[in-house]
Amino acid sequence: MNLTLTVRTLMSTLLLAAPAVQAQTPSDFDTAMQAYAHMHFRQAFDGLARLADDGHADAARIALLMASHGPRLFGQRFGLAPLRRERWLDTASAVYPQLAARPGQDHSAQR
């Protein structure tokens with residue numbers, strides 16, 4: 001399987017996964033996802049980042065994906081400080097434990 005297909009499959013899986021936690025502000029999440037659907041990626045990331053900072057697991061999961069693959073998938077970088085990345089990872093992995101189980105990556109030194 002080539003990398004592009006793998007990334008597309010990953011994105012589809014992430015975006016279609018049912019949320020396990022009720023959204024804190026559903027309208028804000030819906031607005032961010034509408035921006036994403038219309039390829040307004042900077043607007044989507046900014047909205048998702050605000051929600052992720054407030055503890056929204058789905059927003060954190062998608063914002064992490066956008067930050068990790070920004071240039072390749074979205075044609076732009078989404079800056080993310082290491083500590084903020086760790087907080088979002090903690091938030092997302094509380095609902096999606098598979099995100100925490102990443103072999104070969106030790107994030108404890110960055111905290």
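Predicted model: local features only at pLDDT ≥ 70, side-chain atom pairs only at ≥ 80, totals over all residues.
Residues are numbered from 1 along each chain as its sequence is written, and side-chain values use heavy atoms, with hydrogens and water left out. The protein has 5 helices and 0 strands; helices (H or I, at least four residues) and strands (E, at least two) are DSSP runs, numbered from the N terminus.

**Overall make-up**

- From the N terminus on, the order of elements is α-α-α-α-α.
- The protein has 111 residues, of which 36% count as buried; buried means under 20% relative accessible area, exposed over 50%, and partly exposed in between, with a 1.4 Å probe and protein chains only.
- Of the contacts between residues at least 6 apart in sequence, 61% join residues at least 24 apart; a contact means heavy atoms within 4.5 Å.

**Packing of α3 and α4**

- Helix α3 (residues 41-53) packs against α4 at an angle of about 150°, and their axes are 8 Å apart.
- Axes are lines fitted to C-alpha atoms, for helices over the stretch in contact, and angles run from 0 to 180 degrees between N-to-C directions.
- Helix α3 is therefore roughly antiparallel to α4; angles under 35 degrees count as roughly parallel, over 145 as roughly antiparallel, 65 to 115 as roughly perpendicular and the rest as oblique.
- The two helices, α3 and α4, cross in a left-handed way, meaning that the near helix is turned anticlockwise from the far one by less than a right angle (clockwise would be right-handed).
- On the α3 side the contact is made by Phe41, Ala44, Phe45, Leu48, Leu51 and Ala52, and on the α4 side by Ala59, Ala60, Ile62, Ala63, Met66, Ala67 and Phe74.
- By class, this contact of α3 with α4 has 13 nonpolar, no polar and no charged residues; Ala, Val, Leu, Ile, Met, Phe, Trp, Tyr, Cys and Pro count as nonpolar, Asp, Glu, Lys and Arg as charged, and the others, Gly among them, as polar.

**Packing of α4 and α5**

- The axes of α4 (residues 57-74) and α5 (residues 82-95) come within 8 Å and cross at roughly 130°, so α4 and α5 are oblique to each other.
- The crossing of α4 and α5 is left-handed.
- Residues making the contact include Ala57, Arg61 and Leu64 of α4, and Arg85, Trp88 and Leu89 of α5.
- The contact of α4 with α5 has 9 nonpolar, 2 polar and 2 charged residues.

**Aromatic rings**

- The structure holds 6 aromatic pairs; rings of Phe, Tyr and Trp (its six-membered ring) pair if their centres lie within 6.5 Å, and planes under 30 degrees apart count as stacked, over 60 as edge-to-face and the rest as tilted.
- Tyr36 and Phe41 have ring centres 5.5 Å apart and planes at 75°, so the pair is edge-to-face; both residues are buried.
- Phe74 and Phe78 have ring centres 5.9 Å apart and planes at 70°, so this pair is edge-to-face; Phe74 and Phe78 are buried.
- Ring pairs link Tyr36, Phe41, Phe45, Phe74, Phe78 and Trp88 into a cluster.

**Two single residues**

- Met39 is found in the loop between α2 (26-37) and α3, and is exposed with a relative accessible area of 60%.
- Although it is not a glycine, Met39 has a positive phi of about 65°.
- Most residues other than glycine have a negative phi.
- Ala100 lies in the segment after α5 and counts as exposed at 52% relative accessibility.
- The C-alpha atoms of Ala100 and Asp90 are separated by 7.7 Å, with the two residues 10 apart along the chain.
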